[in-house]
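Hi,

I am passing on a structure that I have been going through, and I hope you enjoy it.

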Amino acid sequence: MVLLGKEKRQVIAGIGKAYEPEQLIGKKVVMVANLKPAKLMGLESQGMILAVETLEGGLNVVEVDRSIKNGTKVK
(Lines give C-alpha, C1' and ligand atoms only; values in the text may rest on other atoms or scores of the structure.)
Protein backbone atom coordinates (compact mmCIF):
# COMPACT_ATOMS: atom_id res chain seq x y z
CA MET A 1 0.00 0.00 0.00
CA VAL A 2 1.10 3.52 -0.79
CA LEU A 3 -0.05 6.40 1.42
CA LEU A 4 -1.15 9.23 -0.86
CA GLY A 5 -2.11 12.05 1.48
CA LYS A 6 -4.97 10.63 3.57
CA GLU A 7 -5.70 7.95 0.97
CA LYS A 8 -4.14 4.48 0.73
CA ARG A 9 -3.66 2.87 -2.67
CA GLN A 10 -2.57 -0.57 -3.76
CA VAL A 11 0.19 -0.34 -6.34
CA ILE A 12 1.53 -3.35 -8.21
CA ALA A 13 5.00 -2.48 -9.51
CA GLY A 14 7.64 -4.44 -11.41
CA ILE A 15 10.37 -3.66 -8.90
CA GLY A 16 10.43 -6.96 -7.02
CA LYS A 17 13.86 -7.95 -8.35
CA ALA A 18 15.36 -4.69 -7.10
CA TYR A 19 13.61 -4.31 -3.72
CA GLU A 20 12.33 -6.45 -0.89
CA PRO A 21 8.98 -5.08 0.42
CA GLU A 22 10.62 -4.06 3.73
CA GLN A 23 13.10 -1.84 1.87
CA LEU A 24 10.28 0.38 0.58
CA ILE A 25 8.65 1.08 3.94
CA GLY A 26 9.03 4.75 4.82
CA LYS A 27 10.42 5.80 1.43
CA LYS A 28 8.95 8.96 -0.12
CA VAL A 29 8.51 7.78 -3.70
CA VAL A 30 7.14 9.53 -6.77
CA MET A 31 3.89 7.99 -7.99
CA VAL A 32 1.63 8.56 -10.98
CA ALA A 33 -1.82 8.60 -9.40
CA ASN A 34 -4.09 9.81 -12.20
CA LEU A 35 -4.21 6.49 -14.07
CA LYS A 36 -7.23 4.25 -14.41
CA PRO A 37 -6.91 1.18 -12.15
CA ALA A 38 -5.47 -1.82 -14.01
CA LYS A 39 -5.26 -5.55 -13.29
CA LEU A 40 -1.63 -6.67 -12.98
CA MET A 41 -0.68 -10.17 -11.90
CA GLY A 42 -4.33 -10.73 -10.93
CA LEU A 43 -4.47 -7.72 -8.57
CA GLU A 44 -5.78 -4.19 -9.03
CA SER A 45 -3.07 -1.54 -9.28
CA GLN A 46 -4.18 2.02 -8.51
CA GLY A 47 -1.08 3.90 -9.64
CA MET A 48 2.51 3.59 -10.83
CA ILE A 49 5.72 4.07 -8.84
CA LEU A 50 8.39 5.79 -10.92
CA ALA A 51 11.85 4.20 -11.12
CA VAL A 52 15.01 4.74 -13.13
CA GLU A 53 17.32 2.12 -14.58
CA THR A 54 20.88 2.06 -13.19
CA LEU A 55 23.99 1.65 -15.34
CA GLU A 56 24.11 -1.98 -14.17
CA GLY A 57 20.53 -2.63 -15.33
CA GLY A 58 18.95 -2.50 -11.88
CA LEU A 59 16.20 -0.17 -10.71
CA ASN A 60 16.07 2.74 -8.28
CA VAL A 61 12.71 4.19 -7.26
CA VAL A 62 12.48 7.97 -7.63
CA GLU A 63 12.47 9.47 -4.13
CA VAL A 64 11.91 12.94 -2.71
CA ASP A 65 13.16 14.54 0.49
CA ARG A 66 11.59 13.12 3.65
CA SER A 67 10.29 16.60 4.58
CA ILE A 68 7.80 16.50 1.66
CA LYS A 69 4.25 15.71 2.81
CA ASN A 70 2.56 12.55 1.53
CA GLY A 71 0.27 13.35 -1.38
CA THR A 72 2.16 16.45 -2.53
CA LYS A 73 1.67 16.91 -6.29
CA VAL A 74 4.65 16.89 -8.67
CA LYS A 75 4.69 19.90 -10.98
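Of the 75 residues of the protein chain, 17% count as buried, where buried is under 20% relative accessible area, exposed is over 50% and partly exposed lies in between (1.4 Å probe, protein chains only). Please keep in mind that this is a predicted model, in which local features need pLDDT of at least 70 and side-chain atom pairs count only at pLDDT 80 or more, while totals for chains, interfaces and linings use all residues. Residues are numbered from 1 along each chain as its sequence is written, and side-chain values use heavy atoms, with hydrogens and water left out.

The overall fold

The protein chain has one helix and eight strands, and along the sequence they come in the pattern β-β-α-β-β-β-β-β-β. The radius of gyration is 12 Å, close to the 11 Å that the globule rule gives for 75 residues, so the chain is as compact as a globular protein of that length. For reference, helices (H or I, at least four residues) and strands (E, at least two) are DSSP runs, numbered from the N terminus. The radius of gyration is taken over C-alpha atoms, and the globule rule is 2.2 Å times the number of residues to the power 0.38.

Along the principal axes, the C-alpha atoms fill a box of roughly 35 × 35 × 25 Å. If you look at contacts (heavy atoms within 4.5 Å) between residues at least 6 apart in sequence, 57% of them join residues at least 24 apart.

As for the surface, the protein chain exposes about 6,100 Å², and carbon and sulfur atoms supply 56% of that; the areas come from the Shrake-Rupley method with a 1.4 Å probe, and for residues only the protein chains shown count as cover. The chain has 12 positive and 8 negative charges, and their mean positions are 11 Å apart. Here Lys and Arg count as positive and Asp and Glu as negative, with His and the chain ends not counted; each charge is placed at NZ of Lys, CZ of Arg, CG of Asp or CD of Glu.

Ser45 lies in strand E5 (residues 43-45) and is buried, at 4% relative accessibility. A polar atom of the Ser45 side chain lies 3.0 Å from the backbone nitrogen of Ile12, and the backbone oxygen of Gly47 lies 3.1 Å from a polar atom of that side chain. Not counting residues up to four places away in sequence, Ser45 touches Gln10, Val11, Ile12, Pro37, Ala38 and Leu40.

Glu7 is partly exposed, with a relative accessible area of 38%. Its C-alpha atom is separated by 8.4 Å from that of Gly71, 64 residues apart along the chain. Gly5, in the loop between strand E1 (2-4) and E2, is also partly exposed, at 27%. Gly5 and Thr72 are 67 residues apart in sequence and 7.3 Å apart in space, C-alpha to C-alpha. Beyond four places in sequence, Gly5 touches Asn70 and Gly71.

Lys73 sits in the segment after strand E8 (59-61) and is exposed, with a relative accessible area of 73%. Between Lys73 and Thr54, 19 residues apart in sequence, the C-alpha distance is 25 Å.

Met41 is in the loop between strand E4 (38-40) and E5 and is exposed, at 70%. Its phi is near 55°, a positive value in a residue other than glycine. Most residues other than glycine have a negative phi.

Best wishes

Definitions and conventions: Polar contact = N/O pair within 3.5 Å; in protein donor to acceptor, adjacent residues only side chain to side chain.
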